[in-house]
Structure formats: structure tokens, C-alpha cells
Amino acid sequence: MQQTYDAIIVGGGLVGQTLAIALAAHDLRVAIVERADPDAHLAPEFDGRASAIASSTARMLRALGLGDVLDSQGCAIRAIRVTDGLSPRHLHFDSAEAEPAEPLGIMLENRVLRTILLDRLRADDRITLFAPATIVATDRGADRSTVALADGTVLQAPVILACDGRQSALRQEAGIRTARWQYDGTAIVTMLAHEKPHDHVASELFYPEGPFAQLPMRDLPADGEKPARHRSALVWTIRSSDAAGVKALSPRALAHEAEKRMGGFLGHLELIAPASSYPLGLHHSERYWAERLILVGDAAHGIHPIAGQGLNMGLRDVAALAEVLSSSARLGLDLGHPDVARRYERWRRADNFATAFATDSLARLFGVPGKAAHTIRSTGLAAVNRLPPLRRAFMKVARGEAGDLPPLLRGELG
Ligand SMILES: Cc1cc2nc3c(=O)[nH]c(=O)nc-3n(C[C@H](O)[C@H](O)[C@H](O)COP(=O)(O)OP(=O)(O)OC[C@H]3O[C@@H](n4cnc5c(N)ncnc54)[C@H](O)[C@@H]3O)c2cc1C
């Protein structure tokens, strides 16, 4: 049972699935292998997170025909307010000042994005999904790669695209080293209903133990007797030693703690989803490829969620790789040739490194305890706030608009 494709994607997370759809949109035939049951990944208890989809990434999803879900279920972030704790001095980013004048991002539940991606994968006859499937062997030879599955199926293609996440077995097998460290931080993630509207404003409040982010979500519609309710996602970083204690709090107590940290600006809060926790770390691979293997998304890099950029980086990898592979295929080149992989790496490495560096610096800067550090940070935020060109430059980077954008990030199929 040998089957031949243009590329084999290993890992059907958000990055792997989007990559499959992007390659198929460029008429490449792909196999995607996922070890878990993808329908089980749609359960709210599997991933209760929501992601901030940056404007360039949103344009790519629209170009791939996934725009409806952003319009019908996403919530536009029109402004971001950054403060050092509850200091009145702040930095305010407003989409009205940004160019192009699009929202700063769109908040969408990961589960909703997974659902639409899976529907699209299954409907596209250029994509073959193997899931749940166990890989028993991989071989990367001089002229092709093969992936053998436990049921006896053997897949072959010029190149394997590793989208198998932070612990990527393919990366480790290829001997690609990573720079990595853990933060003394764990993100507590949950969903809140609140009394006052969020007005599409996201808030990032920095505390010495880590950032506390409130991210606007679409209101919960009225349900029978229950009226419509305002809603936000919460990503609250705490010291890892406190994680077990915070997770053991009752929903009411956790909502009360969140309310204190927010200074009550959204009024009374109620937890409307179970809290889950994620230990936080950074890793960056020394190279993004080996013979007939290319790393994509968290398999190549992972960062602190302080600025909501991890998935966006992975999806920017997807846009660049789709362009590199499809243009190489049009020229009849071997998709597993090192020159093809090098072109992708050159395109993505600087942006990924700069984003990892910036988020790491932010996490450290705001982690310095003490009154003097607090005063310096608050004054710094207020100073940047008075400099519109600098604010616009920050917004451009956060929206993924900086640098040489591949066609998909400009909203074109190329
Ligand atoms: C608390 C938190 C909040 C975040 N918020 C944001 C945000 O707002 N915006 C943003 O841009 N990013 C955010 N991120 C980052 C983002 O979630 C990740 O970068 C992104 O989900 C990575 O996707 P991925 O597909 O590369 O990896 P993964 O999601 O890890 O997927 C890897 C897939 O590969 C499969 N797999 C692994 N090994 C094998 C194998 N051997 N065979 C077959 N399949 C295999 C796994 O089952 C899995 O499905 C956040 C992260 C955290 C922790």
C-alpha cells in the first residue's frame, strides 16, 4: 500500500491543518498524518484557548476561503491597553491609527478554528488525512522520504513537513538542536462573562509574576431565560509554584481574584469555562531543515504567549512555505532539495527570531519586581504613548505586517 504525494505533513494541529489547505489551494497533493483522533481535539476540554489572529494572518485565512468563520464567530480587537499593574499611566494602541485600517486582531476560539479546518481538509480531494494514525518508521533517503504507518500504509513524497509541535520527534530524530528555557510562569486560561461591555478593547496588565491579559470575545447570545452576556478570554500568568493552588480555587474565588487584578473595570466577573494551565517556555531550532525534512510552527519555535504571537508565527511560516513549495513545483524543482528548504528558512528565520526576542525581553522587563522598576516601566509606557510613529511601528509588527510578506499574507493565492 504505497501512496505518493507532493508532501507529507506530520502533525494535524492548527499549523499542520492550515498548511495542508494552503498547499492544496496551490494544487499540491498532500498527506497529513495526525496521531490523535481529530474529532476528540474539537472537545472544549481538549483546548479551551482562544487565539488572537493578527491582521495579516486573517487575510491568509480569508484567501483560503475561511473568512466566514472570522466574520461570524470572531471578535475584532480594536484597541489594546497596556499598563504596569493598575497604574493609571498606560500605552494605548488603536486600530484607527493603524495602516491598513483593519482591526489589530480577531479573537477566535481554537476549537472553532479547528472545526472549520477539519471540515475543509475532509472536503478537499487533494488532501488525504490519516488520523488517528501511528507512525512506525520514517526514512529520508537521497531522492525521497517515506513514512510507514502502523496499519501497513507507506506514504512517500519528496519532503516531510514536520508540524508535530514543541516536542517534535522528527526534529529530534534529525538531530536538530534547539535553544530552550522554561519561564518561572504558568498560564491559567479560562473564559469570563462580565457585567460591562469590553468595547473591543484588549487589556494587558503586567504584574511581577507575569502578564494578565483580558481578550475581548463575541458576546454569548441570549439562551432561553438567560440574557446575552459580555465575554472575554483570560490568559493569566502566575508563578509555577502557585499554579496548583490557583487551579484548586473555586470558580467564584478565581473570578474574584481576576476582578481584583483588573481593578473591576469590567464590573462583576463570572467564570464560564474550566480553567486550564500551560507551563511556559521558549525554544528556537538552530536550523529549520534537514535532509528532506522542513520544520514548521511550534516544531521550529515556541514563545511566551505575552503578545499572542505563537500561532501567528506558525501561520506566517505556512504562508512562506506554501509560496516556496508551490513556486518550486511550478518550475519542476525537487521539493526536497536543500535549496528549497534554505529559501523557506531565510524567509522565516529573522521574523521568528525577532518575535521570540521581543516577547522574551518583554516577559523579563515586566518581571522585575520593586517600586523603582514599576515607576520606570509606567513612565516608559506613557512616553511611548506620546509618540504616534513609534506606536504605529509596534502595531505594524504585532499585526504581522512588517517585512517581505508572502502572497497569502497579502490576501492573495499567488
Ligand atoms: C496559554 C497560551 C496562549 C496562547 N495564545 C496565543 C494567541 O493568542 N495567539 C497566537 O498566535 N498564539 C498563541 N499561543 C501559541 C499557539 O497556541 C501555538 O503556537 C500553536 O497552537 C502551535 O500549533 P502547532 O500546530 O505548531 O503545534 P501543536 O498545536 O502542538 O500541534 C502539533 C500536532 O502534532 C501532533 N503530533 C505530534 N507528534 C506526532 C506524531 N509523531 N505523529 C502524528 N502526529 C503528531 C499532535 O497530536 C498535535 O495535533 C498560545 C499558547 C499558549 C500556551
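**Ground rules**

This is a predicted model: local features need pLDDT of at least 70, side-chain atom pairs count only at pLDDT 80 or more, and totals for chains, interfaces and linings use all residues. Residues are numbered from 1 along each chain as its sequence is written.

**The whole chain**

The protein chain has eleven helices and 22 strands. Both kinds of element are DSSP runs, numbered from the N terminus: helices are H or I with at least four residues, strands are E with at least two. Along the principal axes, the C-alpha atoms fill a box of roughly 60 × 50 × 40 Å.

How does the radius of gyration agree with that of a compact globule? For 414 residues, such a globule would have a value near 22 Å, and the protein chain has 22 Å, so the two agree. The radius is taken over C-alpha atoms, and the globule rule is 2.2 Å times the number of residues to the power 0.38.

Buried residues make up 46% of the 414 residues. A residue is buried if 20 or more other C-beta atoms lie within 10 Å of its own, exposed if 12 or fewer, and partly exposed in between; the C-beta atoms are placed from the backbone.

Contacts tell another part of the story. Two residues are in contact if their C-beta atoms, placed from the backbone, lie within 7 Å. Among contacts with a separation of 6 or more, 74% join residues 24 or more positions apart.

**The start of the chain**

Methionine 1 lies in the segment before strand S1 (2-4). Is methionine 1 buried or exposed? It counts as exposed, because it has 9 C-beta neighbours inside 10 Å. Methionine 1 and valine 154 are 153 residues apart in sequence, yet 6.0 Å apart in space, C-alpha to C-alpha. Leaving aside neighbours within four places in sequence, methionine 1 is in contact with Gly152, Thr153 and Val154.

S1 belongs to an open sheet of four strands. The order is S1-S12-S11-S10, and the pairing is mixed. S1 and strand S10 (135-140) are the edge strands, and each pairs on one side only. On average, neighbouring strands here are turned by 20 degrees against each other, direction ignored. Within this sheet, glutamine 2 stands opposite valine 154 in S12.

Strand S2 (residues 7-10) is covered on both faces. Ala7 and Ile9 are buried on one side, Ile8 and Val10 on the other. Isoleucine 9 stands opposite isoleucine 32 in S3. Isoleucine 8 stands opposite isoleucine 160 in S13.

S2, helix H1 (residues 14-25) and S3 make a right-handed β-α-β unit.

The table lists strand pairs. Two strands pair if DSSP finds at least two bridges between them.

| Strands | Sense | Bridges |
|---|---|---|
| S2 and S3 (residues 30-33) | parallel | four bridges |
| S2 and S13 (residues 160-162) | parallel | three bridges |
| S1 and S12 (residues 154-157) | parallel | three bridges |
| S4 and S8 (residues 105-109) | antiparallel | five bridges |

**The S4-S8-S5 sheet**

Three strands form an open sheet in the order S4-S8-S5, with antiparallel pairing. Strand S4 (50-54) and strand S5 (75-77) stand at the edges with a single partner strand each, so one side of each has no neighbour in the sheet. The twist averages 30 degrees from one strand to the next.

S4 is largely enclosed by the rest of the structure, because five of its five residues are buried. Ala50, Ala52 and Ala54 lie on one side, Ser51 and Ile53 on the other. Serine 51 has leucine 108 in S8 as its bridge partner. Alanine 52 has methionine 107 in S8.

**Two helices together**

H1 and helix H4 (residues 110-123) pack at an angle of about 35 degrees, with their axes 10 Å apart. Axes are lines fitted to C-alpha atoms, for helices over the stretch in contact, and angles run from 0 to 180 degrees between N-to-C directions. Residues of H1 that meet H4 include Leu14, Gln17 and Ile21. On the H4 side, Leu113, Leu117 and Leu121 are among them.

Conventions:
Right-handed = clockwise from strand over helix to strand, strands pointing away.
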